[in-house]
Amino acid sequence: MPYYVFKVSPFARLEKLAEFAAFPAASNHAKALRAAHASEEGQRIRVMFADNQQEAEDLLCQIREARPAGDD
């Protein structure tokens, strides 16, 4: 399964920036983009692991519950 790099803008607007076969390459690319676009407020760079682009977009749009507070 490939790793997808997305730019996530407000209101769940997604833009696929890249696709990689291995996590290290995807992670390095995402880190470089975050550093280059650090001043852009309200936008995030995310890496998703999924069977296809549509599944990756669906996963990015899902609302996740916060972890319970406790002893970390």
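In which strand does Ser 9 lie? Ser 9 belongs to strand 1, which covers residues 3-9, where strands (E, at least two residues) and helices (H or I, at least four) are DSSP runs numbered from the N terminus. The legends below describe a predicted model, in which local features need pLDDT of at least 70 and side-chain atom pairs count only at pLDDT 80 or more, while totals for chains, interfaces and linings use all residues. Residues are numbered from 1 along each chain as its sequence is written, and side-chain values use heavy atoms, with hydrogens and water left out.

View 1. Three strands form an open sheet in the order 2-1-3, with antiparallel pairing, two strands being paired if DSSP finds at least two bridges between them. Strand 2 and strand 3 (44-49) are the edge strands, each pairing on one side only. From one strand to the next, the twist averages 30°, where axes are lines fitted to C-alpha atoms, for helices over the stretch in contact, and angles run from 0 to 180 degrees between N-to-C directions.

**View 2. The pairing of strand 1 with strand 2.** Strands of a sheet pair through backbone hydrogen bonds, either parallel or antiparallel. Here strand 1 and strand 2 pair in the antiparallel sense over 7 bridges, and Val 5 stands opposite Ala 18 in strand 2.

**View 3. Ser 9 and its contacts.** Ser 9 is buried, with a relative accessible area of 9%, where buried means under 20%, exposed over 50% and partly exposed in between (1.4 Å probe, protein chains only). When neighbours within four places in sequence are left aside, Ser 9 is in contact with Gly 42 and Gln 43, contact meaning heavy atoms within 4.5 Å.

**View 4. Phe 11 and Ala 12 in the loop.** Phe 11 lies in the loop between strand 1 and strand 2 (13-20), and Ala 12 lies in the loop between these strands as well. Most residues other than glycine have a negative phi. Phe 11, although not a glycine, has a positive phi of about 65°, and the phi of Ala 12 is also positive, near 55°. Phe 11 is exposed, with a relative accessible area of 81%, whereas Ala 12 counts as partly exposed at 46% relative accessibility.

**View 5. The helices across the sheet strands.** Helix 1 (residues 23-36) lies across strand 1, strand 2 and strand 3, and runs at about 170° to strand 3. Helix 2 (residues 53-61) also lies across strand 1, strand 2 and strand 3, running at about 45° to strand 1.
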